[in-house]
Each structure stands twice: as structure tokens, then as C-alpha cells.
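Subject: Handover of the model

Dear colleague,

I am passing the structure on to you with this message, and my notes on it follow below. Please read them with the structure open beside you.

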Amino acid sequence: MTNRPFRPLNHERDIKAIQRIWIECGWIDDEDDDRKIVSDFFKTGETEVATIDDVAECSVHWMPGQIQYQQETLALGAVTAVTTSHVSRKQGFAQELTARALARQFESGKDVSALGMFDQGFYNKVGFGTGPYETFIQFDPSSLMVNTRARPPKRLTEGDYKQVHRAMLNRKKFHGAVDLFPPEAISFDLRWTEKPFGLGYFDGPNNSLSHFIWGEMKDEYGPYEITVRAYQTTDQLFELLALIKSLGDQITSFSTLEFGEFQLQDLLKQPFRTRRSTRGGKHEQLLQSVAYWQMRILNLESCLAKTHLPGPGIRFNLEIVDPLEAVLNERSGWKGLSGAYVVDLGPESGVRPGSDKKLPTLRASINAFSRLWLGVRPASNLAITDNLSGEEGLITALDKAICLPRPHLGWDF
Ligand SMILES: CC(C)(COP(=O)(O)OP(=O)(O)OC[C@H]1O[C@@H](n2cnc3c(N)ncnc32)[C@H](O)[C@@H]1OP(=O)(O)O)[C@@H](O)C(=O)NCCC(=O)NCCS
């Protein structure tokens, strides 16, 4: 395929067409406020568009950030908005523009890419693998077994987005935690919240925001949904939980993606009894699992250079198939990671092109290998459902070698 109608976004010229796409996708209403948020959004990050008659009909937007891998930090490209208008669906535009965004991410030094998916399968075609189950919980705040009292918090508004962004960057991080660098990334989350509430504490240096919750108030008695939050210490976490509890005289339920580093159920009084008595209702105590985000390795070498696993180390051949190449069509430059490598995993890990006849061989798509590397599932699990295979001894050795905490992004995008 040649002469694909792709070019970088020209904000002034294209923004009306982009707003129309978002209206057609049902992402915004045809209102000035919504149009303004979209216009501001496309002033950040990088966007390429596909055109018909030189009018933008499909766009892929991404932002720079970072992702934590154990105690190390890797450069991240976050794919933040993929949309196609009603008149240009199924032209392969979205898929190819996403592939091109990945190539740009690699070329600008990103090690890993991540995104929130509309469904599984589409982004698999450019090498993404699905993350682990995240837990969505709805609970009665008055049933929280937290004995501390919260101090009166300060109100937060969307105008505080720079403080909120800094608090997100400084939050306590765990394996897989992601940051998006443009402060506007958070500004959009805040501006997009209907009936928002924001409550926080300014205990950081120079009275900066240290811990907070932000979300949406549904109606008088809830559910209140927490969509963004951060804290730096366990005491601050408990102050936020105490704050949530303090609203429990009025608010019957709060919902949130679980914090990830602990089980919220541990802090709920009689969770099974409450589950029975609230079943089927609007304020039902719920625990739902959903694996909604995906990621892939872009730079194998730098990802493995930052991988430190307890010994003894293992060495194996890795044959990677990366579907990206087939989607990139005529674009010159980086084409993905298909190829043969020799990998070392251990306290010091690494990778080099080639193969060694004496070593066992792991065959995997980049999708599956990325999941293995991040610790989404062990090798023996992926060998059942994903494109990953190798002799039994190697799979068992990989299961033993790669024991990582379950990764959580901790930032919704
Ligand atoms: C998702 C969206 C961007 C796809 O746009 P598009 O331009 O039609 O996509 P492409 O033409 O590049 O790819 C379409 C192909 O992907 C396939 N596909 C779509 N969803 C898929 C899935 N879950 N699994 C596997 N394949 C899938 C289609 O069947 C089609 O294949 P075909 O060409 O062989 O028929 C478009 O539907 C859209 O804008 N939706 C609303 C906004 C949205 O949800 N965006 C995604 C946010 S994460």
C-alpha cells in the first residue's frame, strides 16, 4: 500500500474536524465547553491524522510518561486517544496510525507503550498484551474499619490541576505505576468529571498537595466514584480512608478501582453479610474484576537492562514475532521487534541478537512476552492462552525466575 493519507495534526486547520469525530464517537456533546476541552487536549502530546479529501477523519494521540518496573523507571509512550469518524471506519486508518505512533514512541526513546482499550483484540494487532485483572469495588463507607479521624480537608477544583498533577507524580508508587508528564493530562480528567468533588491535604513542601481524592458525585446518597487519588505515606492513605468514612452518615456507597497495593476488603466490616443484604441494589457491595489496559515492550534492550530478578539466572533463546511490521506498511525506520535473541534473566539481565544451539528456546509474540516480562501472568499461564511456547523445563524455570508483584498503572487514561 502506498501514499497513505497521513500527516501530523495541524491544530488550527484540523481541530474542527477532530471535534466532529469526537462528537460522532459519542465522546463529547456538541457544546462549546466540550469542544474547548478537546481543543486543549490536542495541544498536548503528539497526534497524526488520516485524511479524506485533506480533512482529518481519524486521529491517534499519545503522550510521554514513565512506568515503574520494580525499583527502576522506564520511559513510556501512552496512547491516549484513538478515534475514527463515521465516514472512514474500516480503512485500516486507526490501526496503522497506532502502529506509526508506536514507531515514533520508540524513535523518541520510549521503552514501553500502554493504553486503555475499548476492547481486546484491536491493539493486539500492533503487539499489545492485556494487563492483569484490576478490581473495581463499591462499598459502604460507614463499614470501613478505620479508627483514625481525618482533619478537615481543603476543596479541590479543576483549577488546581497543576497541584493534582504534582501530587500524582510524587505519589507512593508500586510495580507498574505510570505517570503522564503533561500536567494537562490530569486537567482533562478533572474537567471531564461531571458533578465533581475534590478533597485533599496540603502537607507537602511549600504547602503543596500531598494526598487527595477526586471523583464524581452521582446523587444525594451516592454512589460517589473516586477516579483520581494519590498519597505518599500509609498515614496519608488512612487519613483519606477516614475522610471517606466521615462522609458515610450521608453517602451510602463509594466506588473506585482498588488501590492495588492492599485489599480493601480487609478493612470492611462483615463484607459477606453486607454483600447479601445489598445484593441487586444501587448501593450493592460489589467486587468486579476487569483487565482493561494493555502494554507492550518497545525497547527490549533497555527493558531487560532494568530487569533485576533473584538468582539463579537463566539463559535462553527468544524468538519474537511482532505483528507491528505488517501494519506499518511503507513507513521507513523502526519496524518492531521480530527476531531471534539470546536473553539472560537474573540479578543482571540482558539481551543480544542471535541464537545459541545449546540453549532452550522460547517462542512468543511480543504481546505475550511483554506480559511475561511485566509479571501479568507466569509463563505457564501464558502458555495456555497466549502465543508463548517452549519446552517444559524452560517454562518451569521462567515461572520460578519471574516472580513479580501484580502490576497496576494507578493512573487511568
Ligand atoms: C476503534 C476505532 C478507532 C476503530 O477504527 P477503524 O478506523 O475502523 O479501525 P481500522 O480500520 O484501523 O481497523 C478495523 C479492523 O479492526 C478490527 N477490529 C475491531 N475491533 C476488534 C477487536 N476487538 N478485535 C479484533 N479486531 C478488531 C475490525 O474488525 C477491522 O478489521 P477488518 O478491516 O479486517 O474488517 C473506531 O471504531 C472508533 O473510533 N470507535 C469509537 C472510539 C473508540 O472507542 N476508540 C478507541 C479508544 S481505546
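In which loop does Lys 90 lie? Lys 90 is found in the loop between S4 and H3, where helices (H or I, at least four residues) and strands (E, at least two) are DSSP runs, numbered from the N terminus. Before going further, please keep in mind that this is a predicted model, in which local features need pLDDT of at least 70 and side-chain atom pairs count only at pLDDT 80 or more, whereas totals for chains, interfaces and linings use all residues. Residues are numbered from 1 along each chain as its sequence is written.

Phi of Lys 90 is positive, near 65°, although the residue is not a glycine. In general, most residues other than glycine have a negative phi, and most peptide bonds are trans. Lys 90 counts as exposed because 8 other C-beta atoms lie within 10 Å of its own; a residue is called buried if 20 or more other C-beta atoms lie within 10 Å of its own, exposed if 12 or fewer, and partly exposed in between, with C-beta atoms placed from the backbone. Gly 92 lies in the loop between S4 and H3 as well, but it is partly exposed, because it has 15 C-beta neighbours inside 10 Å. Gly 92 and Lys 358 are 266 residues apart in sequence, and their C-alpha atoms are 42 Å apart in space.

The ligand is surrounded by 18 residues, of which the closest are Thr 84, Ala 94, Gln 95, Phe 118 and Gly 121; a residue is taken as near a molecule or strand if its C-beta atom, placed from the backbone, lies within 6 Å of it. By class, the shell has eight nonpolar, seven polar and three charged residues, where Ala, Val, Leu, Ile, Met, Phe, Trp, Tyr, Cys and Pro count as nonpolar, Asp, Glu, Lys and Arg as charged, and the others, Gly among them, as polar.

Strand S1 (residues 6-8) runs antiparallel to strand S2 (residues 46-52), and three bridges join them; two strands are said to pair if DSSP finds at least two bridges between them. Within this pairing, Pro 8 stands opposite Glu 48 in S2. S2 also pairs with strand S3 (residues 55-69) in the antiparallel sense, over seven bridges, and Ile 52 has Val 55 in S3 as its bridge partner. S2 and S3 form a hairpin with two residues between them, and Asp 53 in the turn has a positive phi of about 50°.

The five-stranded sheet

An open sheet of five strands has the order S18-S17-S16-S19-S20, with mixed pairing. Its edge strands, each pairing on one side only, are strand S18 (350-353) and strand S20 (388-390), and the twist from one strand to the next averages 25°. Strand S16 (residues 314-321) and strand S17 (residues 339-345) run antiparallel and are joined by seven bridges, with Ile 320 opposite Gly 339 in S17.

Helix H10 (residues 366-374) lies across S16, strand S19 (361-365) and S20, and runs at about 110° to S19; axes are lines fitted to C-alpha atoms, for helices over the stretch in contact, and angles run from 0 to 180 degrees between N-to-C directions. Helix H12 (residues 392-401) packs on the sheet too, touching S16, S17, S19 and S20, and its direction makes about 105° with that of S16; residues are in contact if their C-beta atoms, placed from the backbone, lie within 7 Å.

Other local features

The axes of helix H4 (residues 161-169) and helix H5 (residues 184-191) come within 8 Å and cross at roughly 115°. Their contact is made by Tyr 161, Val 164, His 165 and Met 168 of H4 with Ile 186, Ser 187 and Leu 190 of H5.

The peptide bond from Gly 222 to Pro 223 is cis, with omega near 0°, and Pro 223 is found in the loop between strand S11 (211-217) and strand S12 (224-230).

Notes. Two residues are in contact if their C-beta atoms, placed from the backbone, lie within 7 Å.
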